[in-house]
Structure formats: C-alpha cells, structure tokens
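Visitor: Please show me the chain. I would like to ask how its labels are decided.

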Amino acid sequence: MTKHGYTIQAIKDWREREHEAGRPSGLDDFYRAHNIDICVECSGAGTRVIGVRWRDEHSVERSEEGPVASLVKLHHLDEPEHWLTDTRKWDYLYAPCLSCKGSGKLSESSKFDDEAESPPAGSNP
Ligand SMILES: [Zn+2]
C-alpha cells in the first residue's frame, strides 16, 4: 500500500475530514482527489486472488474459486500428497481485476461507464 506514497494514517485522516465535511470520503475519492491512478479494488495489482490451485493425489493440477483459508481446509492442502512441489504446498489462483480490467489503474474503469448499468453523470435529482 505504499505505491502511492501516502500512509494509511494520512488516508484515514483525509477520509475522516471529508466525511465530517459531508463530502465523498471513499478510498477512490481519496485517490481521485490526489490524482492517484490506482485501482481501489486491487490496489494497482491488476489481479485479485480468487481461490487456490494445487495437485490432487493423481498429480492432476486442480483449481477452485473461493475463500482461500476454507479451500485449504476443505481439500487438505496442508497434506504433502497435495503439494504442488517439494517446497510449495499450493498457490493462489488469480483473475484479472474486474474494476480496472487488469490494468491496475483507476482511470481505466471510467472508459467502461457507457456500457455499465450505472446512471450517467448529472442524472441525480
Ligand atoms: Zn483493479
């Protein structure tokens, strides 16, 4: 979270100030206000962890989407016969971030506003 050069505390302070002033105080609002071009959803990574991948007892690589901690438990991925390699038990399953289409940038998402369900700007009463 140091990519943009602001500390967590600085962001927190800004958001509290804006909230008290009755202005938009979301994390994306902070980024926009400071011209930071980082996708909020993935923190600029462009990908998100959506599950895990591993090898089953027949050495077939498998993957499943879901909460990582519960998948590890469900498929007993701590057991050595499921490990991907001798040194790696399992790996995260990644998918491109939907918000920025994998670009990691905040501004990319605005390109898609036209085809999204969100109402056009200025339509608020
Ligand atoms: Zn993103």
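Guide: Start with leucine 106, which touches Asp28, Tyr31, Asp37, Ile38, Cys39 and Val40, leaving out residues up to four places away in sequence. This is a predicted model: local features need pLDDT of at least 70, side-chain atom pairs count only at pLDDT 80 or more, and totals for chains, interfaces and linings use all residues. Residues are numbered from 1 along each chain as its sequence is written.

Visitor: What makes leucine 106 "touch" Asp28?
Guide: Two residues are in contact if their C-beta atoms, placed from the backbone, lie within 7 Å. Asp28 is among the residues that leucine 106 touches.

Visitor: Which residues make up the largest nonpolar core?
Guide: It has 8 residues: Phe30, Tyr31, Ile38, Cys39, Cys42, Cys97, Cys100 and Leu106. A nonpolar core is a set of buried Ala, Val, Leu, Ile, Met, Phe, Trp, Tyr and Cys residues joined through C-beta atoms within 7 Å.

Visitor: Why is serine 43 called partly exposed?
Guide: A residue is buried if 20 or more other C-beta atoms lie within 10 Å of its own, exposed if 12 or fewer, and partly exposed in between. Serine 43 has 15, so it is partly exposed. Serine 43 sits in the loop between α2 (27-33) and β1 (47-55). Its phi is positive, near 55 degrees.

Visitor: Is serine 59 buried or exposed?
Guide: Exposed, because serine 59 has 8 other C-beta atoms within 10 Å. Serine 59 lies in the loop between β1 and β2 (61-65). It has a positive phi of about 60 degrees, although it is not a glycine. Most residues other than glycine have a negative phi.

Visitor: How do you know what counts as a helix or a strand?
Guide: Both are DSSP runs, numbered from the N terminus: helices (H or I) need at least four residues, strands (E) at least two. The chain has 3 helices and 3 strands. Along the sequence they follow the pattern α-α-β-β-α-β.

Visitor: What makes β1 and β2 a pair?
Guide: Strands pair if DSSP finds at least two bridges between them. β1 and β2 have 5 and run antiparallel. Arginine 55 stands opposite glutamate 61 in β2.
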